[in-house]
6 protein chains.
Amino acid sequence: MEVIDSRVTYDVLTLGETMVRFSPAGYERLGQSRTVEMHVAGSESNTAIGLARLGHRVAWLSRLTNNSIGRWIAAEVASHGVDVSHVVWTDDDRVGTYYMERGAPPRSSQVIYDRAESAVSHMRPEELPSELFCSQAARVFHTSGITLGISSQSRQTALRAIELARGAGQLLSFDLNYRSRLWTASAAGEACEPVMAQSDLIFLPIRDARPVCGTSSSDPAEVCRELHLRWPRATIVVTRGNLGAAAIDLAGTFFEQSAFSAVEVERLGGGDAFSAGYLSAFLSGKKTADALRWACATAAIKYTIPGDLPLIDRSAVAALVADESQLGSAIQR
Amino acid sequence: MEVIDSRVTYDVLTLGETMVRFSPAGYERLGQSRTVEMHVAGSESNTAIGLARLGHRVAWLSRLTNNSIGRWIAAEVASHGVDVSHVVWTDDDRVGTYYMERGAPPRSSQVIYDRAESAVSHMRPEELPSELFCSQAARVFHTSGITLGISSQSRQTALRAIELARGAGQLLSFDLNYRSRLWTASAAGEACEPVMAQSDLIFLPIRDARPVCGTSSSDPAEVCRELHLRWPRATIVVTRGNLGAAAIDLAGTFFEQSAFSAVEVERLGGGDAFSAGYLSAFLSGKKTADALRWACATAAIKYTIPGDLPLIDRSAVAALVADESQLGSAIQR
Amino acid sequence: MEVIDSRVTYDVLTLGETMVRFSPAGYERLGQSRTVEMHVAGSESNTAIGLARLGHRVAWLSRLTNNSIGRWIAAEVASHGVDVSHVVWTDDDRVGTYYMERGAPPRSSQVIYDRAESAVSHMRPEELPSELFCSQAARVFHTSGITLGISSQSRQTALRAIELARGAGQLLSFDLNYRSRLWTASAAGEACEPVMAQSDLIFLPIRDARPVCGTSSSDPAEVCRELHLRWPRATIVVTRGNLGAAAIDLAGTFFEQSAFSAVEVERLGGGDAFSAGYLSAFLSGKKTADALRWACATAAIKYTIPGDLPLIDRSAVAALVADESQLGSAIQR
Amino acid sequence: MEVIDSRVTYDVLTLGETMVRFSPAGYERLGQSRTVEMHVAGSESNTAIGLARLGHRVAWLSRLTNNSIGRWIAAEVASHGVDVSHVVWTDDDRVGTYYMERGAPPRSSQVIYDRAESAVSHMRPEELPSELFCSQAARVFHTSGITLGISSQSRQTALRAIELARGAGQLLSFDLNYRSRLWTASAAGEACEPVMAQSDLIFLPIRDARPVCGTSSSDPAEVCRELHLRWPRATIVVTRGNLGAAAIDLAGTFFEQSAFSAVEVERLGGGDAFSAGYLSAFLSGKKTADALRWACATAAIKYTIPGDLPLIDRSAVAALVADESQLGSAIQR
Amino acid sequence: MEVIDSRVTYDVLTLGETMVRFSPAGYERLGQSRTVEMHVAGSESNTAIGLARLGHRVAWLSRLTNNSIGRWIAAEVASHGVDVSHVVWTDDDRVGTYYMERGAPPRSSQVIYDRAESAVSHMRPEELPSELFCSQAARVFHTSGITLGISSQSRQTALRAIELARGAGQLLSFDLNYRSRLWTASAAGEACEPVMAQSDLIFLPIRDARPVCGTSSSDPAEVCRELHLRWPRATIVVTRGNLGAAAIDLAGTFFEQSAFSAVEVERLGGGDAFSAGYLSAFLSGKKTADALRWACATAAIKYTIPGDLPLIDRSAVAALVADESQLGSAIQR
Amino acid sequence: MEVIDSRVTYDVLTLGETMVRFSPAGYERLGQSRTVEMHVAGSESNTAIGLARLGHRVAWLSRLTNNSIGRWIAAEVASHGVDVSHVVWTDDDRVGTYYMERGAPPRSSQVIYDRAESAVSHMRPEELPSELFCSQAARVFHTSGITLGISSQSRQTALRAIELARGAGQLLSFDLNYRSRLWTASAAGEACEPVMAQSDLIFLPIRDARPVCGTSSSDPAEVCRELHLRWPRATIVVTRGNLGAAAIDLAGTFFEQSAFSAVEVERLGGGDAFSAGYLSAFLSGKKTADALRWACATAAIKYTIPGDLPLIDRSAVAALVADESQLGSAIQR
């Protein structure tokens with residue numbers, strides 16, 4: 001299968017913040033050991049890495065602090081084949097971090113964000129690499145609601161990037177990625193609404209549909225139809241965790257895909273891997289039902305990998321997609 | 001909720017031995033790696049730590065060897081907010097240790113005790129801090145059958161402490177904690193009988209009721225009733241592992257609480273966390289049914305934490321207690 | 001029970017290659033961490049270790065590179081009580097290695113073999129310790145299809161050893177151990193056929209019966225009967241993974257044993273442990289049904305132990321065999 | 001020797017910020033491994049821990065974020081016997097952090113501070129525990145220039161604490177602790193001048209005397225005399241790294257102490273250990289020459305201990321002080 | 001300073017093999033621990049990484065096995081900014097490895113090579129990326145004697161690359177890098193002679209000058225003059241370990257540079273870092289004396305970094321070069 | 001060189017206790033990390049391992065607890081080629097342990113012994129394997145003063161073993177190995193005197209000569225002469241740490257050997273390695289001067305190896321012995 005379009009430089013551009021995550025080993029609590037794991041973690045760089053490992057040409061746009069921590073983030077993202085040469089470097093700001101203690105039921109995982117005043121929170125629209133916003137540069141521009149929620153400056157930058165991408169005829173892919181620690185559901189809904197109205201592809205977890213988008217139902221088919229009425233020009237993909245995912249296309253056709261069963265080694269990054277899988281299939285010309293299946297398979301394999309990054313192999317995803325014995329099956333109603 | 005009674009110095013005094021546990025990582029066997037985990041482990045200090053983390057003022061009484069190992073034990077216990085200033089220090093004796101290889105079914109965990117001649121085994125009644133045995137010093141005195149079983153000297157010391165606590169009007173909380181490597185069931189039963197006869201609160205696993213206490217049934221309600229007839233002045237709490245717990249109060253009313261489902265990261269210390277949860281609820285004025293629920297919730301969260309110590313947060317326990325969706329429900333028959 | 005026959009020097013001789021396995025920790029992918037686990041791994045040395053830990057006198061024959069890696073392999077095998085004094089040492093060849101990334105479903109474990117041109121692949125028949133091939137030296141000679149598949153030289157050596165063992169009146173135990181990375185099923189079948197025709201004891205996984213041995217059924221009883229017709233002088237033992245094992249004896253009687261349920265910590269080495277358990281029971285004079293039960297119990301305990309080696313205790317295996325509550329039950333039809 | 005004055009509750013109060021330090025293992029660079037060490041690090045808590053381990057009663061005043069990170073800092077400090085019950089807790093602010101890559105010559109160690117907007121930077125004067133500022137509460141109040149440099153709010157709080165301590169008749173101990181990443185030398189000099197003018201005990205490295213305090217010489221005796229003329233009511237102690245330390249007392253007598261030779265395992269925290277050693281000797285009634293020797297010995301032992309904390313034993317320090325064979329010798333000119 | 005020439009795509013192309021190194025931690029012997037460090041190690045990729053981190057555009061040419069190990073090597077090299085897009089991938093061959101036990105005097109470090117039949121050993125001339133061998137593609141082509149010594153096939157490939165590079169007008173940089181485990185000194189001398197005769201820049205350790213190049217003296221000035229007579233069109237750089245380095249330029253002028261004193265954390269990779277430092281200075285237009293100083297400074301900083309890779313920062317190297325207090329001084333005789 | 005005498009079964013028998021040592025990593029203090037290293041450590045098993053690795057046939061006699069800890073000790077000793085089949089196993093006693101915190105100057109290493117009531121402390125003379133005490137079984141019997149000092153029972157066992165060995169015509173090698181934590185110098189001197197009077201070979205550190213043996217001088221030549229007068233039938237070897245060693249033979253000739261300079265990675269086990277080196281040379285027929293040089297070389301290499309065990313290679317020791325450039329030179333006065 002051909003996964004690359006040679007008429008453009010990049011298949012996908014992504015824009016977003018990447019942080020350092022600190023986690024104690026296994027199910028330890030912070031302070032139990034003198035060592036912690038240090039992970040690179042960012043929604044849009046995760047998706048970029050997933051796409052690169054699936055065979056696509058991807059550039060990740062961001063702003064990073066020019067110190068050992070920032071350079072390590074760039075090195076890690078680059079090592080998986082993502083082009084980081086367009087990242088903006090600053091000497092002034094900090095690298096955002098967060099702490100995560102893994103919980104096992106009934107103890108929930110605990111996250112402590114420490115991301116205020118990060119380099120991306122101070123990213124300005126004029127720092128965007130304007131040469132990438134033309135039709136030969138990329139087919140798809142992808143970002144998420146996090147970039148809109150970090151700060152008013154990052155929101156302006158994201159909105160400007162979206163405007164430029166749209167102007168250049170690039171397709172717009174948007175992952176709602178609502179974070180309650182960043183802003184309220186209503187603020188997120190208000191800010192993201194105009195972006196989703198312009199999007200060609202929208203990803204959102206079904207649990208956020210009601211609080212952020214104001215849908216009235218919790219049934220996936222109903223949710224999809226309500227969202228389709230609001231944003232008829234987008235394919236809308238709704239993730240449902242262990243229940244799989246659903247989508248509605250421009251024609252209003254509803255698709256469902258059950259999840260592939262997976263041993264969950266690390267849940268973080270699953271949604272970003274899902275988006276990578278969907279976008280990869282989409283870029284390869286697959287239909288919505290197939291793309292949903294690719295997305296669920298990519299997420300399932302991610303769940304088995306420690307850390308936030310989707311360290312997947314295309315062959316393994318393809319094998320899972322093709323495996324008839326797997327529960328996951330695409331249903332078109 | 002007010003968890004502290006300001007009219008007393010401590011909510012609870014506990015007395016007991018704390019050892020060092022050595023365990024290989026994960027499911028390794030001893031000798032597979034050149035490093036082993038080193039844990040602080042002691043029933044009564046575990047309960048003290050649980051209580052301190054739940055917001056209570058607790059002092060832990062013990063005897064420790066004045067070397068790096070003994071001081072590390074004290075530092076670890078103190079770090080969680082337990083007062084260790086009444087610990088008796090000795091230059092003469094050793095710190096008890098044990099080795100534990102974690103098994104996975106069908107391979108059982110293997111424990112090798114190496115606790116003979118420890119500092120607590122040589123603790124004498126006159127080493128007890130007499131100033132703590134008055135009504136203003138503490139509301140509850142808590143110890144366990146282990147302290148009675150370690151040596152005749154530690155037994156005399158525990159019995160003297162119980163006598164002093166009772167004389168001072170402190171409530172007596174006793175955890176049977178039968179250890180077959182320390183003594184026979186009949187010896188334990190004989191030694192603990194007079195203590196349980198004086199106790200206000202008794203904890204025991206249902207599996208020990210028959211061999212140690214000589215009950216005739218294995219049904220929790222029956223067991224509780226039999227024990228109530230013998231020790232009518234105590235609230236008796238029976239733990240049932242994955243099946244939850246039961247209790248009978250002074251009025252002979254029987255209570256049952258199913259367990260909260262939990263991923264078991266480390267089972268050790270679960271019973272001590274249970275006692276801490278019960279005592280915390282009791283000290284806060286909760287009724288028996290509520291206290292059982294607090295005890296089961298505290299134990300459930302402990303199971304998810306590596307090591308013996310109940311590194312719990314009060315807010316997490318409270319949230320679990322309040323969670324209607326959890327299976328655990330108090331039933332009064 | 002007496003497990004040793006004092007009239008012979010060794011209960012069992014095994015011959016085969018042992019490699020070094022590199023694995024990242026837990027479910028990590030290669031490259032995620034800068035450290036990897038280093039394991040000793042070889043089918044016949046695994047079986048030898050299992051037998052030694054079950055109380056038997058065992059010698060392991062092989063060829064090792066005389067460097068730190070080869071000597072480490074010998075030291076590790078010797079540490080469990082296996083006699084390695086008959087190993088042939090060479091300055092010329094390399095130690096075979098392989099890399100293994102543990103997968104969690106749906107991500108499968110990935111193995112990268114790097115075993116070409118190893119010391120055993122260059123082992124010559126005349127390097128066999130001829131003094132061991134007499135009736136007083138050993139009761140059983142055990143090897144596996146891997147030794148036949150590594151190279152033509154190792155195959156000639158294995159065939160010569162089998163010839164010598166048979167000539168000396170030693171019983172021949174053969175584990176098919178088909179490895180698709182080494183050779184095709186038909187090549188393996190062709191090469192192993194004459195060995196199995198001479199064997200007293202044959203172990204094979206049921207999944208290999210059809211491709212390698214050309215059986216027509218997938219039903220264990222049918223498979224056993226077909227194989228019995230071909231090799232009537234052998235007891236044939238068929239392993240079925242989580243479904244247990246089956247056997248057919250010289251009289252054509254069929255036996256079945258369900259598996260003991262086990263938490264799988266590491267699957268590698270399970271088949272070798274199975275053979276060790278079977279051989280141990282056989283050497284101790286147990287009947288086929290009992291030997292099957294010992295084999296399944298030994299494998300079940302191995303699954304709970306990290307690494308390839310069966311670091312089992314005889315007492316634990318015996319206790320599991322004797323445990324009536326376990327699902328595993330021997331059925332004679 | 002009696003190290004505690006029973007007429008006061010605490011021998012020393014210290015006030016300051018404590019952060020988390022992240023460091024890769026050994027001489028690794030950030031990103032080489034997926035794990036980093038996590039240390040508790042704060043000048044005034046280090047000194048408090050040193051004093052507690054030397055046998056004194058110490059309380060540490062600070063402001064901490066009420067999350068797992070802040071609570072871990074408090075637990076660690078408390079574990080060494082420091083009273084942390086007067087710490088102010090906040091739900092609003094972050095815990096300051098820094099990254100440190102250890103360098104070996106000629107590669108220097110690299111520090112990346114990330115401490116802006118920390119809990120202490122927002123500490124207000126009215127959050128000081130007023131009950132501690134009376135003559136029965138403590139003999140000495142100790143803080144450092146860092147507390148004055150973090151933010152204007154922390155400076156006001158430190159100045160108010162100094163005012164209260166002085167008003168209560170407590171002795172004032174001040175460690176200049178100039179940090180060029182926090183403020184300029186001239187700003188530090190201006191802000192610290194009025195504090196040093198009120199101090200009874202001043203610690204400063206000789207390298208900071210000229211830029212911060214404006215001395216004209218680099219000879220320790222000259223430096224001491226210049227500083228004595230400015231702050232005649234203080235004993236002034238000047239540290240000289242590997243060359244030892246010097247002091248001048250109220251009478252203008254100059255003292256010198258060479259350093260004890262030490263293998264440097266970790267340099268961080270050496271100055272704080274020095275202050276702890278000096279204060280301990282001072283509190284025990286030792287003369288200036290002896291106190292200098294105690295200070296150098298405490299610092300020398302700290303250098304051999306990984307991490308920032310002075311995990312010293314009083315007996316080891318005392319033995320080193322008493323060791324005639326050591327180079328360090330007090331010279332009074 | 002401008003380090004990049006914008007008229008060419010790459011400043012430097014390097015060609016060579018990169019392996020995986022396994023080492024136990026610290027000074028452990030193999031087998032003491034169950035974990036080993038896994039390092040990426042290759043002379044020409046090391047030099048490429050050093051150049052990239054010093055600010056140059058570099059591509060690394062090689063042949064890698066298309067499995068997790070080969071891809072990890074590429075990812076690691078790419079993460080430091082080296083272009084790996086021209087690497088040739090194969091499904092057929094293995095990744096070369098070696099084991100290294102670090103020794104401390106008088107125990108020497110032990111290396112066990114296991115590199116036969118690696119992917120590079122089978123690299124064919126026609127696999128070279130011909131598009132890179134033109135004047136616009138690169139200014140310098142760099143390889144080493146190792147590439148000539150691995151196999152006859154890799155030698156032919158290296159010679160063909162050199163021929164192409166020379167034909168395209170690229171400068172030829174050659175590091176002798178004699179390895180006695182690969183071939184004899186005379187074989188190496190014979191094979192490398194024609195390459196050195198065409199080189200513009202030659203690096204060699206002084207200890208190899210006599211056995212490989214047949215010089216008669218051990219004095220650096222003499223050695224340089226002898227080599228200059230043989231290869232007058234090259235600048236010849238001779239490394240002398242702790243004694244520094246020397247060079248002779250096209251005009252026959254001799255230069256000397258003493259070493260910068262450094263704490264040796266890991267010696268491996270020092271020579272490759274030296275070459276990177278020299279080439280960087282050369283590319284930036286520096287004179288021979290300055291380039292020697294840059295080379296020694298880069299090597300000194302590398303010695304302080306664990307692993308084979310020169311994880312250097314340009315600013316640190318520049319600061320060391322500029323540091324007058326450092327012993328290293330350039331002398332022109 | 002032939003190192004084995006084929007007329008006897010073993011070259012050397014050693015008898016002694018082996019313990020488990022717990023140490024934190026590097027220079028950490030106990031409690032700083034949750035993991036500790038676990039080492040096998042015993043003077044006589046160390047010497048046995050050294051001899052086996054130098055090519056000799058050795059059996060180690062001891063008494064071990066039959067649990068995972070005891071079996072691990074035996075496995076570790078056996079892995080290096082020592083015969084452990086004569087070890088006596090007990091179900092009743094504990095494995096002795098000790099804790100060791102490594103210090104760096106001026107902080108000394110701290111040892112906490114916890115060895116009372118160990119399996120060897122209860123070893124009885126009748127548990128000795130009588131079949132080994134004949135002239136065909138072994139040439140040398142080796143034990144140390146520790147075995148005499150552990151308990152009166154172990155002393156009786158050691159004395160009986162010495163009596164048996166002497167009766168069988170075996171040579172007696174005795175290492176004084178004075179441990180002040182076990183007994184006083186005078187008690188040790190009194191107990192060891194009769195053993196040394198019968199010894200053929202005596203090892204002792206020069207620092208113990210005065211307190212334990214009552215010599216009057218501290219000059220090595222003088223010490224040797226004084227000891228020679230007392231025990232004229234023994235070759236007496238005196239170790240001097242960094243200053244090397246000295247010896248006096250039966251003829252009263254004095255020998256001196258300076259130490260080989262070594263980077264000290266771990267000092268523990270150096271003396272035991274020294275004895276192994278000396279005995280190995282002696283068994284190979286070397287003269288006293290050569291044996292001293294072998295002993296010093298073996299110890300020097302041991303110092304560079306982590307842990308207590310002399311994980312040496314014969315070739316490395318031989319190379320060091322033969323290295324003329326090394327400082328160590330034998331002087332015969």
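These legends go with close-up views of a predicted model.

Residues are numbered from 1 along each chain as its sequence is written, while chains are lettered from A and ligands numbered from 1 in the order in which they are written. Local features need pLDDT of at least 70, side-chain atom pairs count only at pLDDT 80 or more, and totals for chains, interfaces and linings use all residues, with side-chain values using heavy atoms and leaving out hydrogens and water.

**View 1. Chain A meets chain D.** Here 21 residues from chain A touch 22 residues from chain D (contact means heavy atoms within 4.5 Å). The two chains bury about 2,000 Å² between them, and carbon and sulfur atoms give 59% of that area. Buried area is the accessible area (1.4 Å probe) that two parts lose on being put together, summed over both. Look for four salt bridges across this interface; one of them links A:Arg34 with D:Glu76, whose closest N and O atoms are 2.4 Å apart. (A salt bridge is a side-chain nitrogen of Lys or Arg within 4 Å of a carboxyl oxygen of Asp or Glu.) On the side of chain A that touches chain D, you'll find nine nonpolar, five polar and seven charged residues. In this sorting, Ala, Val, Leu, Ile, Met, Phe, Trp, Tyr, Cys and Pro are nonpolar, Asp, Glu, Lys and Arg are charged, and the others, Gly among them, are polar.

**View 2. Strand E3 of chain A pairs with strand E3 of chain D.** Three bridges join these strands (residues 35-41 in chain D), and they run antiparallel. Two strands pair if DSSP finds at least two bridges between them. Strands (E, at least two residues) and helices (H or I, at least four) are DSSP runs numbered from the N terminus. Check the spot where A:Val36 stands opposite D:Val36.

View 3. Copies are superposed by least squares on the C-alpha atoms of residues with pLDDT of at least 70 in both. The copies meet through the same surface, because 100% of the interface residues of chain A are also interface residues in chain D.

**View 4. Chain E meets chain F.** Eight residues of chain E are in contact with 15 residues of chain F. About 900 Å² is buried between them, 65% of it on carbon and sulfur atoms. There's one salt bridge to find here: the side chains of E:Arg29 and F:Asp313 meet at 2.9 Å, N to O. The residues on the side of chain E that touches chain F split into four nonpolar, one polar and three charged.

**View 5. Chain E and chain F around an axis.** Chain E can be laid on chain F by a turn of 120° and a shift of 0.0 Å along the axis, with an RMSD of 0.0 Å. The two copies are thus related as by a three-fold rotation axis. Within chain E, E:Gly26 comes closest to that axis, its C-alpha being at 5.9 Å.

View 6. Most residues other than glycine have a negative phi, and most peptide bonds are trans. The bond from E:Pro105 to E:Pro106, though, is cis, with omega near 5°. You'll spot E:Pro106 in the loop between strand E7 (97-101) and strand E8 (110-114) of chain E. Over in chain A, A:Asn177 has a positive phi, near 45°, and sits in the loop between strand E10 (171-175) and helix H5 (185-198).
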